[in-house]
Amino acid sequence: MKTPLCDLQYSELEELVAAAGEPRYRAEQLCRHIVAYDGFEEYTDLPKSFIAKLRENYFDRPFIEKSRVVSTDGATRYLFETAEGDLVEAVFLPHGYGNSVCVSCQVGCAMGCTFCASGYYGFKRNLSAGEILAQALFIARDKKDEGGVKKIVMMGSGEPLANYDNTVKFFKLLSSKKGLNIGMRSISISTCGLPDKIERLARDGFSGTLSLSLHAATDEKRKKIMRVANSHTVKDIVKSMRTFFDATRRRVVIEYILIAGFNDTDADVSALKNLLRGLCCHVNLIPLNPTDHCDLKPPTKKQAYAFCAKLNDAKISATVRRSMGSDVAGACGQLKNRTVEAEMVSKNLSKR
Ligand code: SAH
């Protein structure tokens with residue numbers, strides 16, 4: 001099985017170059033090509049014999065672009081395909097203060113949230129650190145003329161804390177001065193709430209933004225929409241968020257999808273107030289993006305703002321999130337599912 005070159009840290013590139021009997025400065029050249037997401041045919045300053053050796057064990061690029069959809073607000077949703085045919089989604093979000101990329105960390109997802117398209121076809125595999133990085137490298141190359149990529153959001157398909165080692169290695173690759181040089185402060189990570197891993201992230205020195213996909217403030221309600229709620233209580237999760245804050249002094253974000261008539265009542269305001277008491281956090285309210293496979297509905301804009309006002313009255317810092325790119329196949333996993341489903345349809349048709 002070949003490894004993508006972008007999975008290697010700089011020290012590993014130096015070892016590879018030495019093992020191939022090449023001079024040390026080749027590591028620098030190689031690194032520049034990897035960060036530029038060049039194909040082997042673009043490695044023109046390296047000897048052909050060295051490139052031939054590289055080809056034996058490594059991929060230049062782990063993905064090719066399968067399709068993209070561009071939103072009216074400039075957000076671009078990319079669908080990448082690996083050599084094995086796995087599909088991986090990433091989104092470019094343009095901002096005047098620094099463009100960001102939302103990356104996926106798994107093919108599919110095992111967490112089983114009813115409202116989320118990513119897990120609909122189950123879990124296939126973890127992405128390697130290099131495969132996570134490659135999404136940012138591809139997009140940085142593609143959007144070079146628009147200012148490249150300055151921030152990373154781990155909010156695509158998959159659960160980053162269930163792919164812990166590769167996620168942490170991805171941060172290392174990302175922040176390398178010889179790489180994209182995107183430091184921890186410019187990284188946001190979103191989790192469905194795995195308390196032991198949240199505490200480990202704090203111990204391992206993560207100093208970016210941590211978001212928790214809470215979506216319901218009681219276990220009873222959360223179990224109705226998130227399978228992972230059967231394994232961890234909201235109290236334990238919030239406790240781990242508090243530990244994270246104490247260690248990092250970084251305010252945490254609570255993500256709360258608004259589902260009409262389900263989690264937007266006065267009782268939910270009280271439950272949130274009780275649960276979040278004493279936690280330094282901001283609540284992001286996200287009107288649900290309806291998916292093809294579930295009949296939950298978002299509230300109206302007016303209802304969403306009314307719920308937000310009630311949280312603010314209860315002294316909870318909260319805002320309704322403006323969702324970029326919702327006209328380009330919405331929330332995570334939706335573009336991939338639509339593509340898979342379109343292919344299923346075309347295969348059925350061609351069988352006839
Ligand atoms: N597994 C991680 C990260 C991936 S999901 C997590 O659970 O946080 C990124 C965010 O998108 C999560 O907050 C998730 O709950 C949200 N999301 C998924 N499907 C959605 C939908 N249909 N509408 C709105 N947000 C959605």
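## Overall size

The radius of gyration is taken over C-alpha atoms, and the globule rule is 2.2 Å times the number of residues to the power 0.38. With 352 residues, a compact globule would have a radius of gyration near 20 Å; the chain has 21 Å, which agrees. Along its principal axes, the C-alpha trace spans about 70 × 60 × 40 Å.

This is a predicted model, in which local features need pLDDT of at least 70 and side-chain atom pairs count only at pLDDT 80 or more, while totals for chains, interfaces and linings use all residues. Residues are numbered from 1 along each chain as its sequence is written, and side-chain values use heavy atoms, with hydrogens and water left out.

## Helices and strands

The chain holds 11 helices and 14 strands. Both are DSSP runs numbered from the N terminus: helices are H or I with at least four residues, strands are E with at least two.

## The sheet

An open sheet is formed by 10 strands. Their order is S3-S4-S5-S6-S9-S10-S11-S12-S13-S14, with mixed pairing. Two strands pair if DSSP finds at least two bridges between them. Strand S3 (63–70) and strand S14 (318–320) stand at the edges. Each has a single partner strand, so one side of each is left without a neighbour in the sheet. On average, neighbouring strands are turned by 20° against each other, direction ignored.

S3 pairs with strand S4 (residues 76–82) in the antiparallel sense, over seven bridges. Glu-65 stands opposite Phe-80 in S4. Helix H5 (residues 164–175) packs on the sheet. H5 touches strand S9 (151–154) and strand S10 (187–191), where contact means heavy atoms within 4.5 Å. The direction of H5 makes about 175° with that of S9. Axes are lines fitted to C-alpha atoms, for helices over the stretch in contact, and angles run from 0 to 180 degrees between N-to-C directions.

## Helices H1 and H2

The axes of helix H1 (residues 10–19) and helix H2 (residues 25–35) come within 9 Å and cross at roughly 125°. That makes H1 oblique to H2. Angles under 35 degrees count as roughly parallel, over 145 as roughly antiparallel, 65 to 115 as roughly perpendicular and the rest as oblique. The crossing is right-handed: the near helix is turned clockwise from the far one by less than a right angle.

On the H1 side, the residues are Tyr-10, Leu-13, Glu-14, Leu-16 and Val-17. They meet Arg-26, Ala-27, Glu-28, Leu-30, Cys-31 and Ile-34 in H2. By class, this contact has eight nonpolar, no polar and three charged residues. Ala, Val, Leu, Ile, Met, Phe, Trp, Tyr, Cys and Pro count as nonpolar, Asp, Glu, Lys and Arg as charged, and the others, Gly among them, as polar.

## Helices H6 and H8

Helix H6 (residues 195–203) and helix H8 (residues 234–248) have axes that come within 9 Å and cross at roughly 0°. That makes H6 roughly parallel to H8. Pro-195, Ile-198, Glu-199 and Ala-202 in H6 meet residues of H8 including Ile-237, Met-241 and Phe-244. The contact has seven nonpolar, two polar and two charged residues.

## Helices H9 and H10

Helix H9 (residues 266–276) packs with helix H10 (residues 301–313) at about 40°, their axes 10 Å apart. H9 is thus oblique to H10.
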